[in-house]
Amino acid sequence: MSSSPQHTFRHRDSSPAGAPGRKRSQFTYRHLHQMATFNTSCPLRVIAHLDLDCFYAQVEMVRLGVPEDKPLAVQQWQGLIAINYPAREFGIGRHCTVTEAKKLCPELIHQHVATWREGLEKWAYHPDAAENIATDKVSLDPYRLESRRIMATIKGALPHKLQKVEKASIDEVFLDLSAQVHAALLERFPELANPPPYDDASEQLPMPSISALDWQADALVDLHDEDWEFDDPDWDDVALLVASEIVRDVRAAIKNQLRYTCSAGIARNKLLSKLGSGYKKPNMQTVIRNRAVQRFLSDFKFTKIRNLGGKLGEQVKQAFGTESVSDLLSVSVEQFKLKLGDDTGVWIWNTLRGIDASEVSSGTQIKSMLSAKSFRPSISTMEQAARWLRIFAADIFSRLVEEGVLENKRRPRTMNLHHRHERQTRSRSSPIPLGRPLDEKTLFELAKNLLSQIVAENDVWPCVNLSLSVGGFEEGISGNMGIDAFLLKGDEARAHRDESKTSLAQDSRREAYQPTAKRRRMENSGGIQRFLTKREPSGAGGDTSDVMPAGGLPEEDLSHHQTITTHEQTPITSHVCVRCNANVESPEALQSHTDWHFAKDLQEEERVSQTFANRQAAAAGSSRAGGQKPGAPAGPKRPGRPKKGAERGQSKLSFG
Ligand code: DGT
Ligand code: MG
């Protein structure tokens with residue numbers, strides 16, 4: 001720990017903990033013990049979210065030795081996909097073209113992402129990549145590699161037996177710090193180790209033997225509301241403070257060992273910690289104390305909240321005519337249920353109050369991998385196609401190595417190849433044979449075999465898109481699309497989803513892929529799943545069909561689909577994103593931007609499903625201070641304190 005207990009806490013001089021007449025904590029011995037087991041309904045839970053600052057840009061700066069104050073952006077073809085903070089000061093944003101960015105800041109360093117090149121065996125940083133969109137394919141390997149090093153550093157900075165770390169995307173991590181904070185509390189406050197009075201775990205804890213907490217410079221959102229600051233800190237405040245120290249140490253380890261900065265949010269759950277990490281960037285951390293939750297949330301549009309950015313958020317906006325969290329606080333849970341269905345209604349009601357019992361899941365793993373390319377100009381021979389298959393096999397194999405395929409930790413069982421000619425996509429799949437080591441050559445041979453099967457049919461040339469994917473990993477998979485999907489084009493993304501579909505037999509998300517009739521029944525039932533069905537290919541036969549009509553998507557998806565498929569089919573006349581109204585410079589930039597939404601949606605689908613599963617699991621076990629049931633007052637209960645409407649804000653406590 002960077003801060004000594006003496007510095008962090010100001011201990012009380014008199015009135016020892018447990019003395020008669022002293023106020024008791026709102027938390028019980030049971031709550032304290034729940035921390036040790038990562039119990040998701042524990043009201044003393046502490047969760048952190050870490051998000052790397054301008055991630056790809058930092059990777060390139062460190063790799064190239066660019067000083068921290070120099071403006072740099074990462075380029076993909078003619079667009080920019082990551083911009084460092086010095087460059088942002090010039091007004092440069094994502095989806096600026098390089099030309100426009102250079103006008104804003106002539107000294108901008110713009111580094112193109114690494115690419116695989118047709119005919120070459122390995123990805124590399126090619127100086128002429130931007131001009132070779134026809135023969136190059138983006139490689140995210142450099143960022144994946146750094147992402148893994150960051151994960152290893154984070155894990156190394158936390159005690160092995162007390163850690164729970166979930167990789168949420170290429171540059172985001174959730175930490176459940178409850179068990180580690182529990183251990184620290186017992187060490188720092190020996191009175192907590194005493195057995196509860198009468199051996200009754202539902203007895204309230206003594207109040208912390210401290211009068212003030214030192215949150216240190218950047219750690220606390222200052223919300224200019226003093227009222228609640230007169231209340232003594234309780235154990236939830238102390239737990240968050242200890243977590244904040246841990247997070248500061250983790251961030252220091254990342255900075256010292258790898259030279260990357262990140263921002264963090266620390267709060268009682270994933271929803272709030274994620275909002276917290278984006279609250280102050282770069283290189284800052286934000287603590288959202290329980291007493292400040294409602295005030296903190298009120299400042300956000302609800303569409304900024306995790307899982308509410310997409311279609312579901314849009315639906316809520318339309319149903320209630322507002323985007324403001326504060327406005328929706330007066331809506332009753334019954335009204336939400338009426339408009340959005342029971343599950344969704346309750347979920348929204350909870351979310352607006354910062355209630356989220358979703359688990360930090362250390363088991364999250366990639367369930368499929370895809371490598372694909374849209375061809376402009378199209379390709380017309382088996383030889384050309386085979387050259388790309390060799391690249392795809394190499395690309396997938398290097399990711400499999402990272403997943404532990406060499407050590408036989410995880411191994412895909414199926415391979416899929418999608419081939420698109422004009423408006424028709426043909427697919428073939430095969431099992432990946434067991435009994436011999438999996439290598440690049442085996443993957444390539446299997447892929448070539450699948451291509452030969454497709455080519456044996458008539459009219460398969462010219463080909464405008466090839467997508468190779470592997471899935472059906474041998475062990476339990478909890479589902480994570482991963483950043484790979486962020487760069488997928490329409491066909492590629494669809495193929496990726498198909499691949500996911502085949503490997504999702506046990507996944508709750510499967511409901512989103514039911515045949516149309518069943519899906520319609522579910523939609524009518526008003527459940528959350530109706531928000532998760534948007535990109536179902538509706539071609540005859542669904543996922544078992546070998547020939548999938550391109551453009552066979554539901555009406556609602558057509559415009560989206562058209563914008564993300566090759567624009568030679570559907571001319572794009574406007575460069576405004578229909579999802580967020582962002583103005584982009586070119587059809588390519590719009591395509592990349594739309595892909596990003598698409599990938600985010602897929603990721604959110606996963607999260608919403610998980611959130612629901614967890615919420616339901618947690619509902620049964622909700623406990624006293626963290627009961628958080630619809631109809632209950634927002635935030636933690638504060639017995640003995642007169643309620644003053646919604647929870648009030650937070651400002652700095654006096655330093656100890
Ligand atoms: P931040 O977190 O605001 O400091 O900045 P970033 O750049 O870390 O943004 P974030 O966390 O949303 O995304 C992490 C990385 O993912 C980013 O460095 C590049 C990649 N990425 C983000 N948005 C897009 C996009 O629209 N298209 C593509 N191709 N990549 C993206
Ligand atoms: Mg980031």
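Me: Which residues coordinate the magnesium ion (ligand 2)?
Reply: Donors are N, O and S atoms within 2.8 Å of the metal (3.2 Å for Na, K and Ca); water is not among the atoms, so sites may look incomplete. Here Asp51 (OD), Leu52 (O) and Asp171 (OD) coordinate the magnesium ion (ligand 2), at 2.1 to 2.3 Å. This is a predicted model, where local features need pLDDT of at least 70 and side-chain atom pairs count only at pLDDT 80 or more, while totals for chains, interfaces and linings use all residues. Residues are numbered from 1 along each chain as its sequence is written, chains are lettered from A and ligands numbered from 1 in the order in which they are written, and side-chain values use heavy atoms, without hydrogens and water.

Me: What arrangement do the six donor atoms around the magnesium ion (ligand 2) make?
Reply: Ideal angles are 90 or 180 degrees for six octahedral donors. Six donors count as octahedral if opposite ones are over 155 degrees apart and all others between 65 and 115. Around the magnesium ion (ligand 2), the six donor atoms subtend angles of 76 to 177°, so the arrangement is octahedral.

Me: How are the donor residues of the magnesium ion (ligand 2) spaced in sequence?
Reply: The spacing is D-L-x118-D. Leu52 lies in strand E3, and Asp171 in the loop between E9 and E10. They are 119 residues apart, so look for a link between distant parts of the chain. Leu52 and Asp171 are both buried (under 20% relative accessible area; exposed is over 50%, partly exposed in between; 1.4 Å probe, protein chains only).

Me: In what order do the five strands of the open sheet stand?
Reply: Helices (H or I, at least four residues) and strands (E, at least two) are DSSP runs, numbered from the N terminus. Two strands pair if DSSP finds at least two bridges between them. The order here is E9-E10-E3-E13-E14, with mixed pairing. Strand E9 (165-169) and strand E14 (285-287) are the edges, and each pairs on one side only. From one strand to the next, the twist averages 15°. E9 runs antiparallel to strand E10 (residues 172-176), joined by four bridges. Find Val165: Leu175 in E10 stands opposite.

Me: Which strands does helix H6 lie across?
Reply: Axes are lines fitted to C-alpha atoms, for helices over the stretch in contact (heavy atoms within 4.5 Å), and angles run from 0 to 180 degrees between N-to-C directions. Helix H6 (residues 141-157) lies across strand E3 (47-52), E9 and E10, at about 155° to E9. Helix H8 (residues 235-258) lies across E3, strand E13 (262-267) and E14, at about 165° to E13.

Me: Is helix H7 largely enclosed or open?
Reply: Helix H7 (residues 178-188) is largely enclosed by the rest of the structure, because eight of its eleven residues are buried. Among them are Val181, His182 and Arg188. Strand E15 (residues 368-379) is also largely enclosed, because nine of its twelve residues are buried. E15 pairs with strand E18 (residues 463-471), antiparallel, over eight bridges.

Me: What is Leu352 in contact with?
Reply: Leu352 is in helix H14 (residues 342-352). Its relative accessibility is 0%, so Leu352 counts as buried. Beyond its neighbours within four places in sequence, its contacts include Gln294, Phe302 and Phe336.

Me: How many disulfides does the structure hold?
Reply: A disulfide is a pair of cysteine sulfur atoms within 2.5 Å. The structure holds zero. Cys105 is buried, at 0% relative accessible area. Cys463 is buried too, at 0%.

Definitions and conventions:
Four donors count as tetrahedral if all angles lie between 85 and 135 degrees; four count as square planar and six as octahedral if opposite donors are over 155 degrees apart and all others between 65 and 115; anything else is irregular.
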